[in-house]
Amino acid sequence: MRFISRFTSRLTRVAGLTIPTSGGGRILGTVGVGLVMVALSTPAFAFRAINRLEVVPAGAGQFEVIGRAGALKSDYWCAAGDYVRKSLGLSWQTKIYAVDGIGASTITGARSAVRFTLDPAAAGVTPFTGNWTGDILTPGYAFRTNAAYGKCEDWIFPFRSRN
């Protein structure tokens with residue numbers, strides 16, 4: 001408890017602003033309040049996939065894969081397959097559908113995220129029926145969990161030689 005008291009008093013000295021309490025003491029300054037706000041704005045549950053992308057539930061049978069700089073489209077599928085198999089515990093044959101392409105996250109506010117679903121009808125997505133697509137994140141495009149997880153091969157076998 002003494003550590004927390006010293007920590008908060010140090011924060012208030014650095015921030016230069018204190019928040020008075022009813023007892024006349026002071027609690028977190030602006031830096032501390034900022035840290036608390038960040039902690040409250042992040043989702044309570046985030047799954048970290050094998051390729052280090054985060055996956056967050058988006059409600060109604062949907063989930064979002066949060067991207068990072070340099071992430072490829074196949075990286076989003078890798079994280080989706082890893083999430084469905086390891087976190088949800090579903091079969092390797094479960095179909096995963098892309099709801100939309102790379103865009104802003106509706107859950108975390110990240111600039112690059114892709115939303116996926118296991119139930120395209122509930123998400124309002126028409127399953128892709130074409131023979132070929134140049135974009136594997138076309139809304140309605142689907143992979144089975146084993147194929148999506150297969151996109152993780154560079155993470156599963158990092159020391160493999162490619163001759």
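Predicted model: local features only at pLDDT ≥ 70, side-chain atom pairs only at ≥ 80, totals over all residues.

Trainee: How many aromatic pairs does a search of the whole structure find?

Mentor: The search turns up eight aromatic pairs. Take Trp 77 and Phe 143, whose ring centres are 4.8 Å apart with the planes at 85°.

Trainee: Why is the pair of Trp 77 and Phe 143 called edge-to-face?

Mentor: Centres have to lie within 6.5 Å to pair, and planes over 60 degrees apart count as edge-to-face. With 4.8 Å and 85°, Trp 77 and Phe 143 meet both conditions, so edge-to-face it is. The pair also links distant parts of the chain: Trp 77 belongs to helix H3 and Phe 143 to strand S8, 66 residues apart.

Trainee: What makes Trp 77 count as buried?

Mentor: Buried means under 20% relative accessible area. Trp 77 has 0%, so it counts as buried. Phe 143, at 14%, is buried too.

Trainee: Which residues do ring pairs link into a cluster?

Mentor: The cluster takes in Phe 47, Phe 63, Trp 77, Tyr 83, Phe 116, Phe 128, Tyr 141 and Phe 143.

Trainee: How do you know that Cys 78 and Cys 152 form a disulfide?

Mentor: The cut-off is sulfur atoms within 2.5 Å. Theirs are 1.8 Å apart, so Cys 78 and Cys 152 qualify. Cys 78 is in helix H3, while Cys 152 sits in the loop between helix H5 and helix H6, 74 residues apart. Both cysteines, Cys 78 and Cys 152, are buried.

Trainee: Why is the disulfide of Cys 78 and Cys 152 called right-handed?

Mentor: Because the torsion about its S-S bond is about 110°.

Note on methods:
Residues numbered from 1 in each chain as written. Heavy atoms only, no water. Phe/Tyr/Trp six-rings, centres within 6.5 Å; stacked < 30°, edge-to-face > 60°. Helix = DSSP H or I, 4+ residues; strand = E, 2+ residues; numbered from the N terminus. Buried < 20%, exposed > 50% of the residue type's maximum accessible area, 1.4 Å probe, protein only.
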